[in-house]
Amino acid sequence: MLNLSRRSFFGASIAGLASTRSILADDKSSDKTDSAKPVENAKVVDDPAFQPSTLFLTWQRDPTTTMTVQWVGTSGETADTTIRYATNPLSTNWQSQATTPKPYPLSDFKVFRAELTGLEPGTDYHFKIGKRSPTYRFRTMPAKATDTIHFISGGDCGSNVHTVANNIQAAKQDPMFAIIGGDLAYEDGKSVELNLAFLRNYSKHMVGATGRLIPMVACIGNHEVVGGYNKTRESAPFFYSLFDGLFSDNGYATLDFGDYLSFVLLDTNHTSPIEGAQTEWLDKTLKARADHPNVFVVNHVPAYPSYRNPDPVAATEKKAAKAGAGEGNRKHWVPLFDKYRVPIVLEHHDHTFKRTKTLIDGLTNDNGVLYLGDGSWGRLRSPKAPEKIPYLAAASREFHLSLHRIQGEERFHLALDEHGKVMDVCRTAQRKTGLVRATG
């Protein structure tokens, strides 16, 4: 008699498929498969009463010793929402952490959240929701960068077939986590359905090779916000209902991984103005990390766009273009990136693949900052030709994501298309101790 769990069956099925097309076909038929009766003579074990389709992991603080588990659901759909976790799935002494339900906007749903703290760095954990869910897995980040650190980044996702294909390609890289630089669901702060569709796709496909759930870290983009720009937190209800643990007060925050990796997550004028308090905070934040070996800045609107016109004079012809053309970034943030020798800025919003030359004050400099993006996980436009924009090194019209690998003192960045083909490879130099004076 065949003995298997439903989750392991589907995991094995997806892993065995040979192509993106086959995986997408499996995705379209999955609803029928889930509702089908068990195969005759097959005994299905661990067939849980509760398996939330929007379950995902994120961090509110220290990724080496914490993990936040959350999902969107309804009160009463399961009697026990306690998270039970252990390093050994056969353990008889599982620890437990109660979830805290909070409102999910424009609906009767709730966001169920539990932050697990006091975890061991670089350790595999197993967890369950209540007593009748599957056993899920996650891994904390290491305390020291003794091994290769690898993660995925991208932005401008949505929930179409290209998004799903890139989710699958991302998971195939078995990254430690994923950074999404805004415009996650394209719900514009209004649509419950689109926000949930994004979460369901992420939950289903962003699973590593060993069944490990891949944590998501995000920053805000214009399509998280009713009106896009110059709004309040209340205008981005879905984003802040899911990520207010990290962005508790403002649309910008830092996430530090021990002393070896830092992410500075910015708000490009969506719910926090670029100039003023955010720029002052950015100055202090980068100064405090000037000697950290790997500092990544992540923001949505690019300082150096590949599709939109960066010329502030031309941009004023259309108000919408001015809001998303990066003028504020270049004026207030780029001097700080130059001053504190930020090695790389991950940008999005233009729906292309782009890599700039290394820049100081917008001009090519071997000791400059690399700007990489431009957000085409699930949306696409045609970029300007690199030969027509002096700061561009490479650009193309491709759905893509980026794989980043930190190996000792070397840092590599690979752009992969939705079929897994390597489109571009570059390397950024290790940060030098102390500051680098900007030229000009």
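**Briefing: a mixed sheet, a helix pair and salt bridges**

In strand β21, leucine 372 is the bridge partner of leucine 346, where helices (H or I, at least four residues) and strands (E, at least two) are DSSP runs numbered from the N terminus. The model is predicted, so local features need pLDDT of at least 70 and side-chain atom pairs count only at pLDDT 80 or more, while totals for chains, interfaces and linings use all residues. Residues are numbered from 1 along each chain as its sequence is written, and side-chain values use heavy atoms, with hydrogens and water left out.

**Overall make-up**

- The secondary structure of the protein comes to nine helices and 25 strands.
- Of the 440 residues in the protein, 53% are buried, and here buried means under 20% relative accessible area, exposed means over 50%, and partly exposed lies in between (1.4 Å probe, protein chains only).
- Among contacts between residues at least 6 apart in sequence, 70% join residues at least 24 apart, a contact being heavy atoms within 4.5 Å.

**The sheet and the helix packed on it**

- Strands β17 (residues 344–346) and β21 (residues 370–373) run parallel and are joined by three bridges; two strands pair if DSSP finds at least two bridges between them.
- These two strands belong to an open sheet of seven strands with mixed pairing, in the order β14-β15-β16-β17-β21-β18-β22.
- Because β14 (253–257) and β22 (392–396) stand at the edges and each has a single partner strand, one side of each is left without a neighbour in the sheet.
- From one strand to the next, the twist averages 15 degrees, and angles run from 0 to 180 degrees between N-to-C directions, with axes being lines fitted to C-alpha atoms, for helices over the stretch in contact.
- Helix α6 (residues 277–288) packs on the sheet and touches β14, β15 (261–265) and β16 (295–298), and the direction of α6 makes about 175 degrees with that of β15.

**Two helices side by side**

- Two packed helices are described by the angle between their axes and the distance between the axes.
- For α3 and α4, the angle is about 30 degrees and the axes are 9 Å apart.
- The helices α3 and α4 are therefore roughly parallel to each other, since angles under 35 degrees count as roughly parallel, over 145 as roughly antiparallel, 65 to 115 as roughly perpendicular and the rest as oblique.
- Where the two helices meet, Val164, Asn167, Ile168 and Ala171 in α3 are in contact with Asn201, Tyr202 and His205 in α4.

**Salt bridges**

- The whole structure holds 14 salt bridges, each being a side-chain nitrogen of Lys or Arg within 4 Å of a carboxyl oxygen of Asp or Glu.
- One of them joins the side chains of aspartate 259 and lysine 144 (3.2 Å, N to O).
- Aspartate 259 lies in the loop between β14 and β15, and lysine 144 in the loop between β10 (136–139) and β11 (149–154), so the pair ties together parts that are 115 residues apart in sequence.
- Aspartate 259 is partly exposed at 42% relative accessible area, and lysine 144 is also partly exposed, at 49%.
- Another salt bridge joins aspartate 174 and arginine 212 (2.9 Å, N to O); aspartate 174 is partly exposed at 26% relative accessibility, whereas arginine 212 is buried at 9%.
- Lysine 354 and glutamate 347 also meet in a salt bridge (2.9 Å, N to O), and both of these residues are buried.
- A network of salt bridges links Lys102, Arg113 and Asp244.
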